[in-house]
Amino acid sequence: MEVIILKNPSDVAQRGADLCVELIKKKPTAVLGLATGSTPLSLYEELVKRCERKEVSFKNVRTFNLDEYVGLEGSHPQSYRYYMDHNFFDKIDIEKANTFVPQGDAKNPVAVGFEYENQITKAGGIDLQILGIGRNGHIGFNEPSSSLSSRTRIKTLTETTIGDNKRFFRQGEFQPGLGITMGIGTIMEAKQILLLATGEQKTEAIKAAVEGPITAMCPASVLQMHRKVTAIIDEAAAEDLHSKPYYYWVLSQQQKIEKLYGR
Ligand code: F6R
């Protein structure tokens, strides 16, 4: 895993955007896997700016979101479809028909999982999957104890996740306890993965994911098995990493290697 530690969330967003833009320039028809939550918001803001400045175009890009709440329709302000439209898709030049989010209000959410897998396969697989991380180490809505080879399906959310996401719901508003999420096996098939984490509330999860044992109790730890993962994290989230000096050293060497031999 390549671990890039940067000063603050804004640097994390800039570096994450560089990686996305680099990919889209190389492959204008790239398939992106996207996350919601607080962490990628500044990345999306940065990508919107770059699109407005015509530094990147999403015209031929296709996207698949990681997850959605079961029971919420796309027009619901707390749905992830709504989040994506309002924070990203409506602000860039992407074709809406090329953006996929699992349908939370489908009659049969189990069938949605199978169909979603087919759609990803039909698109040729995901080129770059963007991930945040839950305080309990979840990725997508794959909570601790999720099968490390799971596919897109319904997951019961933990109390921690429900509690953490409460801030997005009004008092008394229905908050779903079920999500439909790409599986860990699905995520692991992405050709490249970008894990973003910022803030001290993620310190423990990042320590477990990057340096802990691979265990279903920290789903993000399975990323250690993926051949192309870049973790871009800020200093607060990196606080407890044992091998911090080594990660900084690797980065400085990487820059030299790229100068000499290219990327
Ligand atoms: C949401 C998702 C989740 C979040 C995680 C962190 O699509 O995939 O795994 O990435 O819950 O959320 P934030 O960024 O709000 O701390």
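In the predicted model, an oxygen atom of the ligand is 3.1 Å from an N or O atom in the side chain of Arg167. Polar contacts of this kind are pairs of N or O atoms within 3.5 Å. Another involves the side chain of Thr36, where an N or O atom lies 2.8 Å from an oxygen atom of the ligand. For Thr39, a polar side-chain atom is 2.5 Å from an oxygen atom of the ligand. The ligand is surrounded by 15 residues, each with a heavy atom within 4 Å of it; the closest are Thr39, Asp67, His138, Gly140 and Lys202.

Local features need pLDDT of at least 70 and side-chain atom pairs pLDDT 80 or more, whereas totals for chains, interfaces and linings use all residues. Residues are numbered from 1 along each chain as its sequence is written, and side-chain values use heavy atoms, without hydrogens and water.

Helices are DSSP runs (H or I, at least four residues) numbered from the N terminus. Helix H1 (residues 9-26) packs on helix H2 (residues 41-52) at an angle of about 55°, with the axes, fitted to C-alpha atoms over the stretch in contact, 8 Å apart. Residues in contact (heavy atoms within 4.5 Å) include Ala13, Ala17 and Val21 of H1 and Leu43, Leu47 and Arg50 of H2.

The axes of H2 and helix H3 (residues 80-87) come within 10 Å and cross at roughly 35°. Here Leu41, Tyr44 and Val48 of H2 meet Tyr83, Met84 and Asn87 of H3.

Conventions:
Axes are lines fitted to C-alpha atoms, for helices over the stretch in contact, and angles run from 0 to 180 degrees between N-to-C directions. Helices (H or I, at least four residues) and strands (E, at least two) are DSSP runs, numbered from the N terminus. A polar contact is a pair of N or O atoms within 3.5 Å; within protein, one must be able to donate a hydrogen and the other to accept it, and residues adjacent in sequence count only if both atoms are side-chain atoms.
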